[in-house]
Amino acid sequence: MVIIVLGLAVILAVIAYNMYQENQYRKQVREQFGHSDKDALLASKTKSVRDGKEQGQSGKGLFMKKPSKAQEEALRQLQEQDEIFAAKAKLAKPSTIKTDVELGMVDDFSHEPVQHTVIGLNNQITTQTAEPVAASAAPAAAAAPQPLVSLDELAQVELPWFDPRFDYLAYIALDKAQELHALPRLSNRHRFQIIGCTMDDHFQVAEPIPGVYYQGFVMGLQAVSRNGLASAEELVQFDQQVNAFAQLIGGKVRHTDISAFTEVAQALDDFCVRVDQTIAIHLVSRSSISGTELRSAVESTGFQLAENGTFQYPGEHNNTIFTIAALDNSAFTGALLDNQAYRGFSMLFDIPHVPAGEKTFDLFMDLAVKLSGQLSLDLVNDKLEEVSTQWLRDVRQYVLARQEEMQKVGIKPGSKAALRLFS
């Protein structure tokens, strides 16, 4: 009787400890993306951009939406992985789904695989080759084929293409090495990326290239962006699409736990809504300026006309840091630009896309003042009030505070992670 009581006590203690750990994890997530103090002067004019719409009070306000951009051809690679969230991601134990599949095509693997633009790993994974199963004289169930790389190994590798805070991941391990004959069509409003593990344990963007054989895949859906947060239903749909692809090529699947992932992603999305702001300062003529004169002036300061009809100012890595758009958001295009008259233009400072620091904001204002002088334009805010020194101080303080907030959660303004997350 005493042994039974002690056993029950131990079980209750374990359950209580697990509940405590889960509560601590939830508390850490909330604290990591906790709401910062809002600027009392600017809070009423804050604008966030989601699903192509502005949220907040009517009218433009101090912050305005940039012109919409075409969807990028492929996901940008990440430069950094945040250690805090990598640790949190490991708390969410993924579930394994094993499917009965038909074997894929049998190829001749005697030749050396052809390699194309691969990225090596610091923590190389070991290839596990399945031995052929000998036929038994007596009727018996055949042993299940062993995957060339284990799902555990795939799930533990940190890849520069993904960030576990906002990329929902699934893993596929193949029983036999295969070429990728065609990329799967994953129907979803969110971007996705497929990374393949080649036979020499290197990872690369999966492409249907003859002679390149894969032993596994990591598939990621970007669940947080300016399109908003992916719903649980969309993640389930992605899981189903991955399962169908795995069945087609003959592989075993592991999915990230949706509940644990969504908790972190929701907190990150709430945070992104707060810091996703674009500062607008307008340069307005009291009469008008010709398009030819406007183009000459802005290009002389370093801006370049982009395909989307805006002028863009490149940063150190040729990423756009400042944008010039027409006051009515119409496009600056070719002959129309040179033959048209304008009242002025808007200079846009996209907080998450611009490298942090006072020097960057000072450069933005220096360019505005220089163009104002060259074209005899007035610097005004959205109410057409002349920009004051105090206004500039308040805006500078607000920008630096939002960028500092981003850095505290491991998302560096202007980094590849920020450009992908706020796109």
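Strands β13 and β14 run antiparallel and are joined by four bridges; helices (H or I, at least four residues) and strands (E, at least two) are DSSP runs, numbered from the N terminus. Two strands are taken to pair if DSSP finds at least two bridges between them. In this pairing, F311 has I324 of β14 as its bridge partner. The hairpin of β13 and β14 has five residues between the strands, and N318 takes a positive phi near 65° there. The structure is a predicted model, in which local features need pLDDT of at least 70 and side-chain atom pairs count only at pLDDT 80 or more, while totals for chains, interfaces and linings use all residues. Residues are numbered from 1 along each chain as its sequence is written, and side-chain values use heavy atoms, with hydrogens and water left out.

On the β12 side, two bridges join β13 to β12, again in an antiparallel arrangement. Here L305 stands opposite F311 of β13. These two strands also form a hairpin with five residues between them, and G309 in its turn has a positive phi of about 85°.

In general, strands of a sheet pair through backbone hydrogen bonds, either parallel or antiparallel.

Contact means heavy atoms within 4.5 Å, and axes are lines fitted to C-alpha atoms, for helices over the stretch in contact, with angles from 0 to 180 degrees between N-to-C directions.

P314 counts as partly exposed, at 24% relative accessibility (buried means under 20% relative accessible area, exposed over 50%, partly exposed in between, with a 1.4 Å probe and protein chains only). Leaving aside residues up to four places away in sequence, P314 touches G302, Q304, N319, T320 and I321. The C-alpha atoms of P314 and F303 are 7.3 Å apart, with the two residues eleven apart along the chain.

Aromatic rings form another theme. Y313 is part of a cluster in which ring pairs link F303, Y313, F322, F349, F361 and F364. The structure holds 13 aromatic pairs; rings of Phe, Tyr and Trp (its six-membered ring) pair if their centres lie within 6.5 Å, and planes under 30 degrees apart count as stacked, over 60 as edge-to-face and the rest as tilted. The pair of Y168 and F261 is edge-to-face, because the ring centres lie 5.4 Å apart and the planes are at 65°. Since Y168 lies in strand β4 (residues 167-179) and F261 in helix α5 (residues 258-275), the pair ties together parts that are 93 residues apart in sequence. Y168 is buried at a relative accessible area of 0%, and F261 counts as buried at 5%.

Across the protein, there are ten helices and 16 strands, and 46% of the 423 residues count as buried.
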